[in-house]
Amino acid sequence: MASGGWQPIVAAENDKEVEDIGKFAVEEHNKEANAGLSFVRVVGGRTQVVAGVNYDLTISARDTAGVTGTYEARVWVKAWENFKKLTSFKRLY
């Protein structure tokens, strides 16, 4: 991975680490926004090497009415510090 450039995540739906980061993003959004989304799966994404790794994920999640939507989440991860931070989360459609 080149530092600074975005790289696509290949086969994101099969990568447990990426799925865990997607679940983390939904859980953190729920805490911050007092929302009730349920994680469904990671649809796709990309990574960027910074002081750690930024994960820019497209996530499928279900709301409390059972309606599934698509969301974009960015999570900053520094694995060596056991650090994860949700830096953005928004509904796409």
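A salt bridge is a side-chain nitrogen of Lys or Arg within 4 Å of a carboxyl oxygen of Asp or Glu. The model is predicted, so local features need pLDDT of at least 70 and side-chain atom pairs count only at pLDDT 80 or more, while totals for chains, interfaces and linings use all residues. Residues are numbered from 1 along each chain as its sequence is written, and side-chain values use heavy atoms, with hydrogens and water left out.

**Salt bridges**

Begin by selecting Arg46, Asp56 and Arg74, which are linked in a network of salt bridges. Within this group, the side chains of arginine 46 and aspartate 56 meet at 3.0 Å, N to O. The pair links distant parts of the chain, with arginine 46 in strand 2 (residues 38–50) and aspartate 56 in strand 3 (residues 52–62), ten residues apart. Strands (E, at least two residues) and helices (H or I, at least four residues) are DSSP runs numbered from the N terminus. Aspartate 56 is buried, at 9% relative accessible area, whereas arginine 46 is partly exposed, at 33%. Here buried means under 20% relative accessible area, exposed means over 50%, and partly exposed lies in between (1.4 Å probe, protein chains only).

Next, select lysine 16 and aspartate 20. Their salt bridge has its closest N and O atoms 2.9 Å apart. Both residues belong to helix 1 (residues 16–33), and because they are four residues apart there, about one helical turn separates them. Lysine 16 is exposed, with a relative accessible area of 58%; aspartate 20 is partly exposed, with 29%.

Then move to lysine 78 and glutamate 81, whose side chains form a salt bridge at 3.5 Å, N to O. Lysine 78 is buried, with a relative accessible area of 14%, and glutamate 81 is partly exposed, at 46%. Across the whole structure, a search finds six salt bridges.

**The nonpolar core**

Now display Ala25, Val26, Tyr55, Leu57, Ile59, Val75 and Phe89, the residues with the most contacts inside the largest nonpolar core, which has 20 residues. Helix 1, strand 2, strand 3, strand 4 (68–78) and strand 5 (83–91) each supply at least two residues of this core. Such a core is a set of buried Ala, Val, Leu, Ile, Met, Phe, Trp, Tyr and Cys residues joined through side-chain atoms within 4.5 Å. In soluble globular proteins, nonpolar side chains tend to be buried together.

Finally, centre the view on isoleucine 59. Not counting residues up to four places away in sequence, isoleucine 59 touches Gly22, Ala25, Val26, Phe39, Arg41, Val43, Gly69, Thr70, Tyr71 and Ala73, where a contact means heavy atoms within 4.5 Å.
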